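Student: I'd like to learn how to read a structure like this one. Can we go through it feature by feature?

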Amino acid sequence: MVYGAAPEAQPRRIEITAKRFSFDPGELTLKRGEPVVLVLKSVDVAHGLRFRELGVDVKVGKGAESEVEFTPGKTGDFVGHCSVFCGGGHGSMKLTLHVVE
Ligand SMILES: [Cu+2]
């Protein structure tokens, strides 16, 4: 396996903006088995994004950006939650992920 500059070798990067108290976009569709990089950006305080069933948990500092690469291994609908307490609406920060064949 050779890793080069071929565009198809790069996982798709998906930018997600986190701010009190929502994610934008609030919904994503991914393909099972296709690696992606989730780029989480905070425009205010520290946040996180966790999909418990998929083993994904990424945290981002105040005004910062961080990323996680993962490959969805199963199909279905998964609801991700903010994993860093960020204030009164924290519990309503959700992102729905649809993983399709
Ligand atoms: Cu939060």
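This is a predicted model: local features need pLDDT of at least 70, side-chain atom pairs count only at pLDDT 80 or more; totals for chains, interfaces and linings use all residues.

Tutor: Let's start with the word "strand". Helices (H or I, at least four residues) and strands (E, at least two) are DSSP runs, numbered from the N terminus. Val 99, for instance, sits in strand β9.

Student: How many helices and strands are in the chain?

Tutor: Zero helices and nine strands. Reading from the N terminus, the elements go β-β-β-β-β-β-β-β-β. The radius of gyration is 14 Å, close to the 13 Å from the globule rule for 101 residues, so the chain is as compact as a globular protein of that length. That radius is taken over C-alpha atoms, and the rule is 2.2 Å times the number of residues to the power 0.38. Along the principal axes, the C-alpha atoms fill a box of roughly 45 × 30 × 20 Å.

Student: Back to Val 99. Why does Val 99 count as buried?

Tutor: You count neighbours. A residue is buried if 20 or more other C-beta atoms lie within 10 Å of its own, exposed if 12 or fewer, and partly exposed in between, with C-beta atoms placed from the backbone. Val 99 has 20 C-beta neighbours inside 10 Å, so Val 99 counts as buried. Arg 12, in strand β1, has 11 such neighbours and therefore counts as exposed. Across the chain of 101 residues, 21% count as buried.

Student: And which residues does Val 99 touch?

Tutor: "Touch" means contact: two C-beta atoms, placed from the backbone, within 7 Å. Leaving out residues up to four places away in sequence, Val 99 touches Leu 30, Arg 32, Pro 72, Lys 74, Thr 75, Gly 76 and Phe 78. Pro 72 is 27 residues away along the chain, yet its C-alpha atom is 7.0 Å from that of Val 99. Of the contacts in the chain with a separation of 6 or more, 63% are between residues 24 or more positions apart.

Student: What about the middle of the protein? How do I read a core?

Tutor: In soluble globular proteins, nonpolar side chains tend to be buried together. A nonpolar core here is a set of buried Ala, Val, Leu, Ile, Met, Phe, Trp, Tyr and Cys residues joined through C-beta atoms within 7 Å. The largest one has 16 residues, and Ile 16, Ala 18, Phe 23, Leu 40 and Leu 49 touch the most other members. Two or more residues each come from β1 (12-19), β4 (36-42), β5 (47-51), β6 (56-60) and β9 (94-100). β9 gives the most, with three residues. Take Phe 23: beyond four places in sequence, Phe 23 touches Ile 16, Ala 18, Leu 49, Met 93 and Leu 95.

Student: What's worth checking in the backbone?

Tutor: Most residues other than glycine have a negative phi, and most peptide bonds are trans. In the β5 and β6 hairpin, with four residues between the strands, Gly 55 takes a positive phi near 70°. The peptide bond from Arg 20 to Phe 21 is cis, with omega near 5°, and Phe 21 is in the loop between β1 and β2. The bond from Asp 24 to Pro 25 is also cis, with omega near 0°.

Note on methods. Residues are numbered from 1 along each chain as its sequence is written. Two strands pair if DSSP finds at least two bridges between them.
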